[in-house]
Amino acid sequence: MVSHEDVIQIARLAKLSVKEDELEAMTKEMQSIVDFADAINNAPTDGEEFDNINNLSNVFREDVVVESYPTEKILENAGDKADDCFLVKKRCL
Amino acid sequence: MRYELVAGLETHVELSTKTKIFCGCTTEFGGSPNTHCCPICIGLPGTLPKLNKEVVRYAIRAGLATNCEISRISKMDRKNYCYPDLSKAYQISQYDKPLCKNGYIELSNGRRIRLNRIHIEEDAGKLIHQKGDTYVDYNRGGVPLIEIVTEPDFRSVDEVREYVEKLQLIMRYIGVSDCKMQEGSMRCDVNISVRPEGQKEFGTRTEIKNMNSIAFMAKAIEYEQERQIDIIESGGSVQQETLRYDDVTNTTSSMRGKEDANDYRYFRDPDLVTINVTDQEVEELEATIPELPDEKLERYVEKLGIPEADAQLLVKYRRVAEYFEKASEGTANPRTAANFIIGQIFRTIENESAKEEFDIPVSAESLRELIKLLDSKKIRMNLAKSTLDKMLETGKKVSDLISEKDMGGLDEEATKKLCQEAVDANPNAVADYKGGKEKAIKAIVGYVMKNSRGKADAMKAEEIIKQIIQ
């Protein structure tokens with residue numbers, strides 16, 4: 001069972017704040033997500049190790065250099081930037 | 001009471017593939033900030049990572065060279081944590097199915113340091129902290145790493161040091177990494193605890209993160225060991241925590257305690273499919289593993305008759321070992337090449353990293369040519385030595401420095417003539433010698449050697465000079 005403490009802990013790890021009055025609803029929602037995952041976990045697979053639906057494995061790329069993006073493009077969506085770097089203000093950390 | 005150190009190591013080694021682990025950006029070191037990046041390695045939503053085949057091959061080779069079992073089925077997992085060095089808020093790593101496991105590295109005292117696992121993962125970006133703000137450069141983000149995790153098998157700082165040096169050397173020999181600690185391509189985290197000698201149970205451990213020099217690491221372990229013993233001796237108990245080592249003050253300080261211990265919530269990365277490795281692939285990779293340092297050392301000592309201390313100096317640098325093998329090939333005694341390298345060539349090389357590069361003006365073939373002249377007694381050792389010095393200085397070949405007429409020793413007649421000349425030219429030295437200063441004769445012999453361009457036999461010359469003087 002998902003507890004209030006689990007929700008608070010997960011929110012803390014994700015650096016999200018949860019208000020006291022949201023806690024109960026969030027706990028229920030999270031429980032339903034866990035239940036859904038459990039349903040998948042409990043699906044009968046006849047003991048066969050189930051990997052992925054397409055039975056894909058070994059999808060590789062060759063070790064060949066491709067041109068990188070221009071720095072302006074890389075930084076285009078950055079909230080803050082300076083000196084060609086992403087800038088993280090102290091309060092965020 | 002006496003205490004025993006118990007330590008385990010996690011070593012991150014950057015693989016020297018051309019491209020990053022999940023995209024085609026270059027892995028080149030340095031570069032202006034954020035110039036080796038693309039949407040995949042800065043972790044933008046909607047991008048699809050694709051595993052670099054070479055990373056798998058390099059990691060398997062690393063495993064084979066350290067006696068690991070290679071997993072036939074392996075997968076990638078997400079290690080979740082929120083910190084700006086990883087923009088996705090998770091690192092793609094391997095959790096319960098690492099590529100390699102159950103290996104070991106044997107130390108010179110015969111103890112085996114067991115390797116729990118070697119797994120592949122992506123490196124994080126570089127953070128530059130300035131005036132309270134943090135600048136993020138993702139050039140390093142996505143560079144392939146292997147993490148080599150030992151069991152808590154170390155019992156002394158010396159064992160840790162030897163292990164790291166050995167690991168570094170093996171990785172360099174198989175060419176999967178340059179393992180430059182100062183550039184961060186090899187970094188170590190150490191888990192440390194102490195226990196009273198004879199006790200079976202482990203003490204509470206602390207972890208020191210991200211050490212990038214063997215010397216600092218040794219100091220940090222020594223410091224932390226003492227700190228823990230002091231706590232226990234004064235009746236306290238060691239707290240489980242993660243520490244940072246300050247190489248300026250030589251102290252450790254807490255980064256985070258047990259209550260903030262990371263909770264990584266690993267889960268399978270759904271973007272990346274299973275890695276299947278076949279027996280045939282493992283065999284093929286096994287065949288690419290060259291002779292490793294330990295085997296080389298044994299062969300140099302046992303088969304080539306090189307003294308162990310010298311052999312160790314030769315195998316310590318991959319390029320030096322290669323050079324030695326080439327230069328001594330087909331010569332009468334491999335010790336000659338070893339002596340030239342250790343005695344003369346090393347003297348012209350300033351530091352460890354230059355020895356690592358071993359970029360010297362004399363090719364192995366040229367040195368071999370010189371040794372063969374010695375072998376066939378066409379030149380004498382002192383001429384060979386001075387010629388090698390000139391070769392190192394000028395980069396010229398043997399044939400440019402020694403002509404046909406220099407070859408072949410001086411015959412007795414010519415030696416006598418030169419000795420007479422030498423006696424005539426050094427009246428003071430002759431007087432000194434006659435006055436009882438035995439050593440004065442060396443100056444006269446030196447004159448002969450110089451004027452014969454090293455061709456004369458020094459002992460013979462001394463004999464003749466004594467005859468002339470008396």
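Trainee: At what angle do helix 5 of chain B and helix 6 of chain B pack?

Mentor: This is a predicted model. In it, the axes of helix 5 of chain B and helix 6 of chain B lie 9 Å apart. The angle at which the two helices pack is about 140 degrees.

Trainee: Which word describes helix 5 of chain B relative to helix 6 of chain B, oblique or parallel?

Mentor: Angles over 145 degrees count as roughly antiparallel, and 65 to 115 as roughly perpendicular. The angle here is about 140 degrees. Therefore helix 5 of chain B is, relative to helix 6 of chain B, oblique.

Trainee: Is the crossing of helix 5 of chain B and helix 6 of chain B left-handed or right-handed?

Mentor: Helix 5 of chain B brings Pro293(B), Lys296(B), Leu297(B), Tyr300(B) and Val301(B) to the contact, and helix 6 of chain B brings Glu308(B), Ala311(B), Gln312(B), Leu314(B) and Val315(B). Sorted by class, the contact of these helices has seven nonpolar, one polar and two charged residues. The crossing of helix 5 of chain B and helix 6 of chain B is right-handed.

Trainee: How do the axes of helix 8 and helix 11 of chain B cross, at what angle?

Mentor: Helix 8 of chain B covers residues 334-345, and helix 11 of chain B covers residues 381-394. Their axes come within 11 Å. They cross at roughly 60 degrees.

Trainee: What does that make helix 8 of chain B relative to helix 11 of chain B?

Mentor: An angle under 35 degrees would count as roughly parallel, and 65 to 115 as roughly perpendicular. The crossing of helix 8 of chain B and helix 11 of chain B is right-handed. At roughly 60 degrees, helix 8 of chain B is therefore, relative to helix 11 of chain B, oblique.

Trainee: Which residues of helix 8 of chain B make the contact with helix 11 of chain B?

Mentor: By class, this contact has six nonpolar, one polar and two charged residues. On the side of helix 11 of chain B are Met381(B), Ala384(B), Lys385(B), Leu388(B), Asp389(B) and Leu392(B). On the side of helix 8 of chain B are Phe340(B), Gln344(B) and Ile345(B).

Trainee: Which helix gives the most to the lining of the second largest pocket?

Mentor: The second largest pocket has a volume of about 1500 Å³ and is lined by 46 residues, with Glu165(B), Lys166(B), Gln168(B), Leu169(B) and Lys316(B) nearest its centre. Elements giving two or more residues to this lining include helix 5 and helix 6 of chain B. With seven residues, the helix that gives the most is helix 2 of chain B.

Trainee: How many residues of that pocket lining are charged?

Mentor: The lining of the second largest pocket has 18 nonpolar and eleven polar residues. The charged residues number 17.

Trainee: Which helix supplies the largest share of the lining of the largest cavity?

Mentor: The largest cavity holds about 110 Å³ of space. Its lining includes Phe60(A) as well as Lys53(B), Val56(B), Arg57(B) and Ile60(B), and by class it has six nonpolar, one polar and three charged residues. The largest share, four residues, comes from helix 1 of chain B.

Trainee: How much space lies in the second largest cavity?

Mentor: The structure holds two cavities of 30 Å³ or more. Among the residues lining the second largest cavity are Cys41(B), Asp85(B), Glu122(B) and Tyr138(B), and by class this lining has four nonpolar, four polar and four charged residues. The space in the second largest cavity is about 50 Å³.

How values were computed: Residues numbered from 1 in each chain as written. Chains lettered and ligands numbered in written order. Predicted model: local features only at pLDDT ≥ 70, side-chain atom pairs only at ≥ 80, totals over all residues. Heavy atoms only, no water. Axes fitted to C-alpha atoms, helices over the stretch in contact; angles between N-to-C directions. Left-handed = near helix turned anticlockwise from the far one by under 90°. Contact = heavy atoms within 4.5 Å. Nonpolar A, V, L, I, M, F, W, Y, C, P; charged D, E, K, R; others polar. 1 Å grid on protein atoms, 1.4 Å probe; cavity = no way out; pocket = protein on both sides within 12 Å on 5 of 7 lines; lining within 4 Å. Points joined across faces, edges and corners; volume = space filled by probe spheres on them.
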